[in-house]
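Work through the following exercises with the sequence and the model side by side, and try each task before you read its solution.

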Amino acid sequence: MYRFFWRVVKAEALKKHRTTFHSKLVYFSMLIWPILTFAVAYFTYKPFKLSAGAEKVGYLNDNNLVIFILIGYIAHMFFHSLVQSAWGFSSERFWGTLELIYLSPASRLAFVLGNAISSLFENVWLFIIFAIMMFQFYGELYFPGIGLTVIGTITLIIPAIAWGMFLNALFLFSRDTRILFTILEEPMELFGGVKLPVAIFPLWAKIISYIFPLTYSIKILRRIFLKGEELVQLLPILALISLVTLIMIIITILLLKSGEKYAKKTGNMALF
Amino acid sequence: MIKTEGLSKTYVTKIKKGLFHKEKKKVEAVQNLNMVINKGKITGLLGINGAGKTTTIKMLSTLIEPTKGTAIIDDLDLKKDANEIKKKINMIAGGERMLYWRLTGKENLWYYGQIYNIPKDILIKRINKLLKLVGLFDDKDTPVERYSKGMKQRLQIARGLINDPTYIFMDEPTLGLDAPIARDLREYVKKLADEEEKGILLTSHYMNEVEELCDYIYVLDNGILIAEGSAKELALLVNDHKILRIEIDELSFELEKAINNICTQFSGEVKYTRREQHAEIYLTTKEDVSTSIATLLTQYNASIKKFLSEEPKLEDTIISLARREKNV
């Protein structure tokens, strides 16, 4: 059973990769778009003195601005790529392939997981290479040791995959995926703290920002790589992001179950 | 063997009746359906649009849950053993959906093989076998988006066989295909039943296809089973009348009157169509009147171009059955 689950995950990830990367231009667009948006953010800040905001965000200064934005964008790339990919995943319903997946004895969770893993890695690796080059060039990145680097990476990858699974399930059963896309795409970049630190937000915006798991990932990464915090100081937020991830996985399972149950009852695969 | 027992499905739909008010409406898609699908046989499921064919196929495929009744598939219960049943069945639908267009034919089959957990060595052999069966082996590495309609449909058949199902449900498998390609596909379907011993449930709008392929046919109307039997048995069920199709050079009003008389005598109906070069007569009667009509035409010196006595067709049967049900 366990082996079958991972076989489906692998098959779905490969299928997703083959259907998305059908042309070399895809690789090119993967890098160009994030670099452009990163450049826009950087040059928007550039004319202003950041030390003025140091009261609320102590670790942010004119020297580490590039690193601050890059961390935001790396994390954003992880989560953003999954919103786009989930939008594409909803086409499984229109093309009738979802019916065939439901016809098979394979785990439904394996499909959303495989799709999320594939979407994540194929969309971020090129930008990560670019980011590493930038880190090397600016040299303002604090190296916290291997342990915390691994923890930082895990707190980015696992919640992002859980987010992808949740979105896949959500988009799969949604009648109007455009609305979901609009709700999730831009607000996530703004409220997730990609370009601006959440600390400077008013209370209402802070509340919204904690809806997105991206916010927690960015916060952890900046606290590790910019602020140089130790594991003990990070424990509360690590517990919080674990809880958020768990909640996303539980909602995903519930969504998949209720979507299939509804389809069996009504013959209609659009749950809402 | 698949045996359905009182299989029924009721949908509840909501109709908007104002800004905040919605009214619930019950739609009986399939009612109390009892049918049998045997291995090595092709069973037809016919009916006019909305008869409940697709709902029946989806219920048997475990995609939709019956409201009442059940089906036993080789000793497995449709409701209780859905996961085991999934391994024994597959579905093939007409049209160009249900495939990944950017993947090659081989990759499509590989993917579907994976989600059925078919051991790797068996899967490789099966993919090659199926691609040869449907004549796509030479195009196995071509993306599906470059396939013609017929090629896509053949790949659908291979896809439907990837888990080596005992039973295959085919919903309009030749939909939108050109005649020669549809003929080839019919050949594959026949082979599947005759040589591979697959039990096939087929729905189609093409009555000649059903007549040619199906060993036994079930006719649904508004979700109710209204008739069953072989194509010949069904044709005899309602078409107790004889059909005469005649073409003559010229149709005089005297001859028309004489034909009308015979028609009335044998409780029949007649339709005349006058064309520039000839006239057509279409006659349906309870008894065989071909001899009387032929004598009459000779008496009136009509120059006969065509004189055909036709067997009733399955298509007429379905339409007559549906009409009869409405009148009841």
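This is a predicted model: local features need pLDDT of at least 70, side-chain atom pairs count only at pLDDT 80 or more; totals for chains, interfaces and linings use all residues.

**Exercise 1.** Find what share of the residues of chain A is buried, and then describe the overall build of this chain.

*Solution.* Of the 272 residues of chain A, 41% count as buried, where buried means that 20 or more other C-beta atoms, placed from the backbone, lie within 10 Å of the residue's own. Residues are numbered from 1 along each chain as its sequence is written, and chains are lettered from A and ligands numbered from 1 in the order in which they are written.

**Exercise 2.** Determine which strands of chain B pair with strand 10 of chain B, and in which sense.

*Solution.* Begin with strand 4 (residues 42-46) of chain B, which runs parallel to strand 10 of chain B and is joined to it by four bridges; two strands pair if DSSP finds at least two bridges between them. Here B:Leu45 stands opposite B:Tyr218.

Then turn to strand 11 (residues 224-229) of chain B, which pairs with strand 10 of chain B in the antiparallel sense over five bridges, with B:Ile217 opposite B:Gly229.

Finally, check the cover: five of the six residues of strand 10 (residues 216-221) of chain B are buried.

Key
A residue is buried if 20 or more other C-beta atoms lie within 10 Å of its own, exposed if 12 or fewer, and partly exposed in between; C-beta atoms are placed from the backbone. Helices (H or I, at least four residues) and strands (E, at least two) are DSSP runs, numbered from the N terminus.
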